[in-house]
Amino acid sequence: MTGVAHRHWVDADTTTSDLCAAAATRLMETLDWLPESVDAIVFISQTPDYRLPATATVLQAGLGLRPGIIAFDVNLGCSAYPYGLWLSMTMAATGSARRILLAVGDTSSRVVDPDDRATALLFGDAGTVTAIEFDPAAPAASFVLGSDGRGAQNLIIPQGAFRNGAPRGDHDQTRLFMDGGEIFTFTLKAVPPLVADTLALAGRSVEDHDAFLFHQANAFMIKHLAKKSKLPIDKVPINIGRYGNTSSATIPLLIADDLAERLRTATLNLAMFGFGVGYSWASASLPVGPLACAEVITL
């Protein structure tokens, strides 16, 4: 039912920032972006290098970006990519930064319990980077963002930060806990209205979109959401079978993998839907492409 056949897990010495650094290096080389031309780097993840400092500052130094640029972290998981696009594009539109690197990814293998069938068989690791540049002639993009913290306990690492003390009892509560039933119920309630609201806000129909990119939570859920939202399944790519649920990275991984060939030569109208941990949800409807760099690399 999950649809996972293969997944990628990092080794003990590799972090999310390492994956994002490799992606950023390839991206800047392909785009001919000099490090000193970047004005901001935003890192969105729930598996940072440290509690402090922000991993964005680590990436800034590691990539040789100039001192003084904007660099900060955002703690989001499944909804991260549309949130990150909204945040980065708002920064560009307001003149805060002209060139932005949006780094989004997670290494969930570092936090799952290998004996927990609800999580150990599902999650994979990935890091992505998107280059965003100000363009006064850019077409409009539409975003819908939301949250409901009443579901926070249903997908959580209970201990390891500052709310609770040291782990208690036999179960290691520094590992990821997921109540799959509650997450599924939340998704069925939240996502179809999110699809409808996104189309209405954008003023675009189902036919106007070339693809609908859902967070790759599990294959059964995605197919059910597509059916409930009355979307043609041939416009709903699914690649969880090759990568697992890579949390915040699933939507950009779809772009760099399933849609890469089309996006290198064409502009596609894409709708994106992220949903899960928090609870939080976010969507975007926007034209994307042609892209100078859309590829998947492995370390």
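About 30 Å³ of space lies in the largest cavity of this predicted model, and a search of the whole structure turns up one cavity of 30 Å³ or more. On a 1 Å grid over the protein atoms alone, a cavity is a set of points where a 1.4 Å probe fits but cannot get out; a pocket is an open set with protein on both sides within 12 Å along at least five of seven lines; lining residues have an atom within 4 Å of a point. Grid points are joined across faces, edges and corners, and a volume is the space filled by probe spheres set on the points.

A word on the ground rules. Residues are numbered from 1 along each chain as its sequence is written, and side-chain values use heavy atoms, with hydrogens and water left out. Because the model is predicted, local features need pLDDT of at least 70 and side-chain atom pairs count only at pLDDT 80 or more, while totals for chains, interfaces and linings use all residues.

Back to the cavity. Its lining is made up of Cys20, Ala21, Ala24, Ile41, Leu59, Leu63, Leu101, Ala103 and Val129. By class that comes to nine nonpolar, no polar and no charged residues (Ala, Val, Leu, Ile, Met, Phe, Trp, Tyr, Cys and Pro count as nonpolar, Asp, Glu, Lys and Arg as charged, and the others, Gly among them, as polar). Helix H1 (16-31) and strand E3 (99-107) each supply at least two residues of this lining, and H1 gives the most, with three. Helices (H or I, at least four residues) and strands (E, at least two) are DSSP runs, numbered from the N terminus.

Strand E2 (70-74) and strand E6 (155-156) are the elements that give two or more residues to the lining.

At 21% relative accessibility, Val74 counts as partly exposed (buried means under 20% relative accessible area, exposed over 50%, partly exposed in between, with a 1.4 Å probe and protein chains only). Leaving aside residues up to four places away in sequence, Val74 touches Val42, Phe43, Ile44, Ser45 and Leu87, where contact means heavy atoms within 4.5 Å. The C-alpha atoms of Val74 and Ser96 are separated by 17 Å, with the two residues 22 apart along the chain.

As for packing, the largest nonpolar core has 34 residues, and those with the most contacts inside it are Phe212, Phe214, Leu231 and Phe275. Such a core is a set of buried Ala, Val, Leu, Ile, Met, Phe, Trp, Tyr and Cys residues joined through side-chain atoms within 4.5 Å. Helix H4 (180-202), strand E8 (211-214), helix H5 (219-228) and strand E9 each supply at least two residues of this core, and its largest share, eight residues, comes from H4. Beyond its neighbours up to four places away in sequence, Phe214 touches Val191, Val195, Ile222, Leu225, Leu231, Val236, Ile251, Leu254, Phe273 and Phe275. Apart from this core lies another, of 30 residues, among them Ala40, Leu85, Ile255 and Leu259.

Ser285 is found in strand E10 (residues 280-288) and is buried, with a relative accessible area of 0%. The side chain of Ser285 makes a polar contact of 2.8 Å with the side chain of Arg204, and another with the side chain of His209 (2.8 Å). A polar contact is a pair of N or O atoms within 3.5 Å; within protein, one must be able to donate a hydrogen and the other to accept it, and residues adjacent in sequence count only if both atoms are side-chain atoms.

Most residues other than glycine have a negative phi, and most peptide bonds are trans. The bond from Leu52 to Pro53, however, is cis, with omega near 10°, and Pro53 is found in the loop between strand E1 (40-44) and helix H2 (55-62). From Gly278 to Tyr279 the peptide bond is also cis, with omega near -15°; Tyr279 is found in the loop between strand E9 (268-276) and E10. Phi is positive, near 60°, at Asp32 and likewise near 60° at Ser247. Asp32 sits in the loop between H1 and E1 and is exposed, with a relative accessible area of 64%, whereas Ser247, at 7%, counts as buried.
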